[in-house]
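Please read the points below alongside the sequence and the coordinates, as notes from one colleague to another.

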Amino acid sequence: MKPEVLQLSAILIPQIRERLETLFTVHRLFEQSDKDAWLEANGARIRGVITGGHTGITQAVMARLPNLEVIAVNGVGTDAVDLAYARDRGISVTATIGALTEDVADLAIGLLIGVARGISTGDRFVRAGLWATSPTPLAPLPLARQVSGMRVGIVGMGRVGRAVAQRAAAFGCPISYTDLHAQDVPYSFEADLAQLAHNSDALILAAAADKGEALITRDVLKALGREGYLINIARGKLVDEPALLAALEAGEIAGAALDVFADEPRVPEALFAREDVVLQPHRASATVQTRTRMGEMVVASLVDVFAGRQPQGLVQ
Ligand code: 8YV
């Protein structure tokens, strides 16, 4: 009999869906109208869970799955998984470590260029037909901010942080970073986040959010300063969003580019009308290539755990 697996978030790659259906009996909880009733009736048959980095799995849902052996996170962040409870129950947790590094770093640089050079603003301007009708056709929009050579501060020098640093270095950007400890990297370590912000023209968040703490406070934003940009491709909860809004409104920072938000998919509406922000719906890993690699890792980790082997990407 095929192992029964419960999916908590969608898999967008058809070949991965087919592979999952071939190997396992797959149930999609997000398609059930009465999730509680479904868990009550079927929870005991579930041996594996597939979830997204943002979706994770709560202790309450795990408690309804008494025979759960593995949670395969289709992502790298495990902050939304109750790891302590999973550990107590002896449930393996895997993540697609290494599969999405390049894409997330690519988007970080894309967002930085997007917000500093006003790419979305320019796009909206052209689409609205305003270029041809502008009274000053040669300089219809305010001049933007040069990206090459910007002082870049990276919060979190893990895989993604390093990949962002490599890319920024290619733009001639001096790079500093903060982390729990200095890392073996050729960039300048700054233990104090506010000091890092003060020394940076762009602060890029690439940290894990396991502690759930909003690192980016109004004080950090003030330290980043009127010419500074905040880029977030990590987790929304790392940023005190009301403080970010207040800082933008007061002109205390130059702009922000955000792929992630504290309460996705809800985004503070006050951001919508602002030209100094670029907004993305949590898409840093959303390419066909990366989502395929991630899906392959999810499949492999389920197969390995059910076969009693140690899976790649084992978090605990
Ligand atoms: C994914 C993520 O979009 O890796 C993570 O932790 O948040 C994202 O890359 C998400 O996991 C897709 O399910």
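**Notes on the predicted model**

1. Isoleucine 97 counts as partly exposed, because its relative accessibility is 31%, and the model in which this value was computed is a predicted one. The residue is found in the loop that runs between β5 (92-95) and α5. Together with Val76 and Val315, Ile97 forms a nonpolar patch on the surface, and the accessible area of these residues together is about 190 Å².

2. The sheet that deserves a careful look is an open one of seven strands, whose order is β8-β7-β6-β9-β10-β11-β12 and whose pairing is parallel. The edges are taken by β8 (188-189) and β12 (277-279), each of which has a single partner strand, so that one side of each is left without a neighbour in the sheet. Helix α5 (residues 101-117) packs on this sheet and touches β6 (152-155), β9 (202-205), β10, β11 and β12, while its direction makes about 150° with that of β10.

3. Within the sheet, strand β10 (residues 229-232) pairs with strand β11 (residues 255-258) in the parallel sense, and four bridges connect the two.

4. Glutamate 69 sits in the loop between α3 (59-63) and β4 (70-74), and it counts as partly exposed because its relative accessibility is 26%. Once neighbours within four places in sequence are left aside, glutamate 69 is in contact with Arg47, Gly90, Ile91, Ser92, Val305 and Phe306. Alanine 250, by contrast, is 181 residues apart from glutamate 69 in sequence and 50 Å apart in space, taken from C-alpha to C-alpha.

5. A search of the whole structure finds 18 salt bridges. Among them is the one between arginine 45 and glutamate 4, in which the closest N and O atoms are 3.0 Å apart. Because arginine 45 lies in the loop between α2 (35-42) and β3 (46-52), whereas glutamate 4 belongs to strand β1 (residues 4-7), the pair ties together parts that are 41 residues apart in sequence.

6. Which residue does glutamate 252 meet in a salt bridge? The partner is arginine 218, with 2.7 Å from N to O. Glutamate 252 lies in the loop between α11 (241-249) and β11, and arginine 218 in helix α10 (residues 218-224), so this pair ties together parts that are 34 residues apart in sequence. Glutamate 252 is buried, its relative accessible area being 16%, which is under the 20% that marks the buried class, while arginine 218, at 29% relative accessibility, counts as partly exposed.

7. The side chains of aspartate 276 and arginine 274 also meet in a salt bridge, at 2.9 Å from N to O, and here both residues are buried. Elsewhere, Glu21, Arg28 and Glu31 are linked in a network of salt bridges. In reading such contacts, please keep in mind that the model is predicted, and that side-chain atom pairs were counted only at pLDDT 80 or more.

Technical notes. Residues are numbered from 1 along each chain as its sequence is written. This is a predicted model: local features need pLDDT of at least 70, side-chain atom pairs count only at pLDDT 80 or more; totals for chains, interfaces and linings use all residues. Side-chain values use heavy atoms; hydrogens and water are left out. Two strands pair if DSSP finds at least two bridges between them. Contact means heavy atoms within 4.5 Å. Axes are lines fitted to C-alpha atoms, for helices over the stretch in contact, and angles run from 0 to 180 degrees between N-to-C directions. Patches are made of residues with over 30% relative accessible area and no salt bridge: like charges are joined within 9 Å, nonpolar side chains (Val, Leu, Ile, Met, Phe, Trp, Tyr) within 5 Å. Accessible areas come from the Shrake-Rupley method with a 1.4 Å probe; for residues, only the protein chains shown count as cover. A salt bridge is a side-chain nitrogen of Lys or Arg within 4 Å of a carboxyl oxygen of Asp or Glu. Buried means under 20% relative accessible area, exposed over 50%, partly exposed in between (1.4 Å probe, protein chains only).
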